[in-house]
Amino acid sequence: MIRVVRFNYWLDPAFDRIVGEAPGVTLQTCAMQGDDNAAWTALAQAQVLQITAAKDELPRHWFVTAELLARCPQLLAVSSSGSGCDTIDIEACTRAGVLVMNQAGGNADSVAEMALGLMLAVLRRIPESNSLLHGSARSFSREDLMGHELRGRTLGLVGVGEAGRRAAALGRAFGMQVIGVDPALDADTMAARGAEAVRFDELLRRADIVSLHCPRDASTLGLMNVAAFAAMRPGSIFVSTARGGIHDEAALHAALASGHLGGAGLDVWDQEPPPPDHPLLQLPNVVATFHTAGVTHEARRNNATLAATQIVKLLADGEQPARLVNPAVWPHARERIAAARAR
C-alpha cells in the first residue's frame with residue numbers, strides 16, 4: 001500500500017473520497033496540534049503529503065523544509081491545497097527528489113470574482129453605506145456616499161495567469177481597458193488573455209486600479225513598495241488577492257493616509273488574520289477581507305478534487321502531474337515512484 005498523509009485542516013470531503021477509493025492507496029489524517037510523535041511516525045512512512053497552503057494555519061514544524069524531508073525518506077511528492085506553496089520549500093524538495101504539486105487555476109474564478117468585488121466595494125463605497133444604514137444616525141445623504149463607476153477605467157493586472165486572465169475578462173465585461181505585466185508571457189499570449197502587455201512602470205503610471213495576481217516568490221516580495229505606490233496615479237486604487245508580503249503594508253498605509261491613493265481592497269496580509277489594531281484597518285477607504293478570495297464552496301471542492309485526482313494518477317499510473325511546480329525533478333522522481341509501486 002502506498003500511504004498518503006494529510007493534516008486535519010479543513011479539506012473538502014471530495015479529497016478523502018477520491019483518495020480513499022483508490023486501489024493500493026491508504027490515507028491517514030494526522031492532528032496538526034497534539035500528538036506530534038504519532039504524526040512524525042506517519043510522515044516517516046508516507047509517500048505523499050497533502051498540505052495546506054495557508055502559512056498561518058499550520059504550525060511551523062510541519063512546513064516542508066529540508067529538516068522535515070530528512071525525517072521523511074520515503075516521501076515522493078508534496079501536494080499543496082491551493083496554487084500557493086508558502087508552506088513548502090520548493091528548492092529543498094527538488095534537492096531531495098520530491099515532487100511539488102499545486103492546484104493552479106482551481107480557484108481562479110473565485111479569486112477573480114473577489115478582486116472585482118473589492119474594486120466595486122472601494123469605488124462604490126459599499127461598506128461605508130452598509131455601516132451607516134446599520135447604525136442609528138440618519139444625518140447623511142446619498143450624495144455623501146457618492147462613488148465611481150468601473151466603466152471607462154484602466155485596470156492594471158500584475159500577473160495574468162489563471163486568476164489574472166479571468167479578472168481581465170471580468171474587467172472587460174465591465175467596460176474597462178485592461179493592461180498587464182507578466183514576465184512569463186509574451187505580448188501575443190497576453191493579448192489572447194485579454195490584456196495589453198506593458199512594462200511595470202507604465203502599468204503603474206496608467207492604471208486607475210492596480211490588481212495583484214502574481215505568485216509570492218523572490219522576484220515579487222516587496223514589489224509594491226514606497227516607490228511603486230508613489231508611481232501610481234493620484235487617486236488610483238490598489239487591490240490584492242495574491243499573497244501577503246508582495247505589497248509593503250506600511251508603504252501602502254502611507255500612500256493612503258496622505259491621500260495619494262484613493263483606496264485599497266485587501267484580501268491578503270503579512271499576518272493572517274491581521275490584528276484588529278492594524279493601521280490599515282483604521283482607514284475608511286480600505287475594504288478588508290480575510291484571505292477568502294479563493295474560499296468558496298465551489299473552489300474548495302474543485303481544488304480538493306484536483307489534488308486528489310493528481311495524486312491518484314501519479315501513484316497509479318506514474319503519470320507526470322499536470323500542475324508540477326518543480327518539473328526538473330521529474331526524471332529522478334519518476335524512478336523513485338516506479339520503485340515504490342513495484343515494492
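Modeller: Start with helix packing. An axis is a line fitted to C-alpha atoms, and the angle is taken between N-to-C directions. Keep in mind that this model is predicted.

Biologist: At what angle do helix 5 and helix 7 pack?
Modeller: Helix 5 (residues 108-123) and helix 7 (residues 162-173) pack at about 50°, and their axes lie 8 Å apart. Angles under 35 degrees count as roughly parallel, and 65 to 115 as roughly perpendicular. Helix 5 and helix 7 are therefore oblique to each other. Their crossing is right-handed.

Biologist: Which residues make the contact?
Modeller: On helix 5, they include Ala108, Val111, Ala112 and Leu116. On helix 7, Ala163, Arg166, Ala167 and Leu170 are among them. By class, the contact of helix 5 with helix 7 has 7 nonpolar, 1 polar and 4 charged residues.

Biologist: How many bridges join strand 6 to strand 7?
Modeller: Strand 6 (residues 154-158) and strand 7 (residues 177-181) are joined by 5 bridges and run parallel. Leu157 has Gly180 in strand 7 as its bridge partner.

Biologist: And which way do strand 1 and strand 2 run, parallel or antiparallel?
Modeller: Parallel, with 6 bridges between strand 1 (residues 2-7) and strand 2 (residues 25-30). The chain passes from strand 1 through helix 1 (residues 13-21) to strand 2, in a right-handed β-α-β crossover. Arg3 sits opposite Thr26 in strand 2.

Conventions:
Residues numbered from 1 in each chain as written. Predicted model: local features only at pLDDT ≥ 70, side-chain atom pairs only at ≥ 80, totals over all residues. Heavy atoms only, no water. Pairing = 2+ DSSP bridges. Helix = DSSP H or I, 4+ residues; strand = E, 2+ residues; numbered from the N terminus. Right-handed = clockwise from strand over helix to strand, strands pointing away. Axes fitted to C-alpha atoms, helices over the stretch in contact; angles between N-to-C directions. Parallel < 35°, antiparallel > 145°, perpendicular 65-115°, else oblique. Left-handed = near helix turned anticlockwise from the far one by under 90°. Contact = heavy atoms within 4.5 Å. Nonpolar A, V, L, I, M, F, W, Y, C, P; charged D, E, K, R; others polar.
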